[in-house]
Amino acid sequence: MTGVVWYRNDLRVDDHEALTRACNEQNTVRAVFIQQESGNRGEQQVRFEQETLRFLREHLGQLGVELTILQGETVEQLTLFVQPEDVVYFHRMTGEYEARQENEVKKHFTTQMYETQTLHLREDIGSDELKRVFTAFRKRVEYDGRFAEPIEAPGEVRYIEPPQTRAGYDPRTAFPFMGGESAGLDRLAAYLERPVFTYKETRNGFDVDDSSKLSAWLANGSLSPRRVMAELQRTEREHGANESTYWLYFELLWRDFFHLTMRETGHRLFRSNGLKDGRLTWKTDQAAIDRWIAGETGEPFVDAFMREIKETGWMSNRGRQITASYLIHDLKQDWRIGARYFEQHLIDYDVASNYGNWAYIAGVGNATRTPRFNPEFQQQKYDPNRAFIRRWMSSETTEK
Ligand SMILES: Cc1cc2nc3c(=O)[nH]c(=O)nc-3n(C[C@H](O)[C@H](O)[C@H](O)COP(=O)(O)OP(=O)(O)OC[C@H]3O[C@@H](n4cnc5c(N)ncnc54)[C@H](O)[C@@H]3O)c2cc1C
């Protein structure tokens, strides 16, 4: 019998329960990834995925597992690939579309499904904590204080070194993101070496080490959150814990919170009124939306961030809050249009974190108040010398 590992947003060999189980239980293992058509996805998002798949293919090859990349409808493609006696191994993913795919696959094949996308599992928390607010959730999981240890890769893997010099990057990028498990593990090690110890003070900044930049690898699963936590705890044991090392865990809890909320509430975070009852009607003024996307609203701080995402597929957390708030509360546009734009462009696009944060800022998520960010006030606080604005608003041409 053959085990087929159906890869999704879990593009790694480390801490991959589906792969490890398949290798332990089956004589032959093959892997498959069904790629979304590029369509209107941003160039940087597609590049990051291609790099990730290249590294995954190499690492799986070392374990004697061949990776096949297909395009098209999931069940249709799997039917062509999977033999009737095969077992399909995969990880559960957050999202309504993803859950529908899982149900279809379970209907058509013999399957084994595992959970590694979050640190905590919904079953351990209970839905009441998720219907409330983040603090209730955090207190509950911190009280329990447990999560699973990562699982080692099912064999010796020599992680391929990512190239040191990287071509094709906008020189203004906050970080030269490169897809793939090796680059993610390298970044984790480098960040835990030193910058993590000042994370709490720097995390609202816009430069390389101001925040961890781990989101891109976490989003497509080339890095597992349990590996990040295990390494963070090791760093704390060896070099001491402080408020900043705790804060990285705190932020990872937001990621878990949004994932578990979306799993609990199904399609509701895609509705105009999100998790709130009743109906809400939002405006759509295409000209205003186009100016927001192009970074031509006339509000320099907002425009600088919007140019950054367009060119690099990246924007800091502070930038995301400011630009989302501007679209929703100043331009008064439908928050889901902004969420969709981010979905197509962010290299760290993650369905739960994206729709969860957008709904939160729109006041239709599970928050008790509606946050609003005044761009001028934010600029004075976080970019007082206008260095970030100058970086993105000067007429300097992009070197590609
Ligand atoms: C409107 C909006 C849209 C967003 N869309 C996404 C998205 O598609 N994908 C995504 O990963 N994050 C999203 N975020 C959350 C956050 O902006 C990014 O996770 C963070 O900027 C990534 O940078 P970092 O890895 O350096 O984060 P760090 O500050 O180093 O945080 C460490 C990790 O914690 C998690 N995290 C931190 N803040 C949040 C948060 N607010 N919500 C959920 N997880 C968090 C991420 O996994 C991150 O990698 C969004 C935030 C907003 C306001």
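This is a predicted model: local features need pLDDT of at least 70, side-chain atom pairs count only at pLDDT 80 or more; totals for chains, interfaces and linings use all residues.
Trainee: Let's start with strand β1, residues 2–7. Why is β1 called largely enclosed by the rest of the structure?

Mentor: A residue is buried if 20 or more other C-beta atoms lie within 10 Å of its own. Five of the six residues of β1 are buried, so the strand is largely enclosed.

Trainee: How do you know that β1 pairs with strand β2, residues 28–35?

Mentor: Pairing needs at least two bridges between the strands. Six bridges join β1 to β2, and the two run parallel. Look at V5, for instance, which stands opposite A31 in β2.

Trainee: What makes the crossover from β1 to β2 right-handed?

Mentor: Point the strands away from you and follow the path from the first strand over the helix to the second; clockwise counts as right-handed. Here the chain leaves β1, passes through helix α1 (residues 17–25) and reaches β2, and this β-α-β crossover is right-handed.

Trainee: And what makes β4, residues 87–91, a partner of β1?

Mentor: Again, at least two bridges are needed. β1 and β4 have three, in the parallel sense.

Trainee: Now the ligand. How do you know which residues are around the ligand?

Mentor: The C-beta atom of a residue has to lie within 6 Å. There are 29 residues around the ligand, and S211, S212, S215, N354 and N357 come nearest.

Trainee: Which helix gives the largest share of that shell?

Mentor: That is α12 (243–265), with six residues. α10 (215–219), α15 (317–330) and α17 (351–362) also supply at least two residues each.

Trainee: Which domains does the shell draw at least three residues from?

Mentor: Domain 2 (123–149 + 179–266) and domain 3 (271–393) each give at least three. The domain assignment also lists domain 1, residues 2–117.

Trainee: How do you know that domain 1 is in contact with domain 2?

Mentor: Contact between two residues means C-beta atoms within 7 Å. By that test, 21 residues of domain 1 are in contact with 17 of domain 2. Helix α2 (residues 43–62) provides the largest share of the domain 1 side, nine residues. That side divides into five nonpolar, eight polar and eight charged residues. The C-alpha centres of domain 1 and domain 2, meanwhile, lie 24 Å apart.

How values were computed: Residues are numbered from 1 along each chain as its sequence is written. A residue is buried if 20 or more other C-beta atoms lie within 10 Å of its own, exposed if 12 or fewer, and partly exposed in between; C-beta atoms are placed from the backbone. Helices (H or I, at least four residues) and strands (E, at least two) are DSSP runs, numbered from the N terminus. Domain bounds come from an automatic or database domain assignment. Ala, Val, Leu, Ile, Met, Phe, Trp, Tyr, Cys and Pro count as nonpolar, Asp, Glu, Lys and Arg as charged, and the others, Gly among them, as polar.
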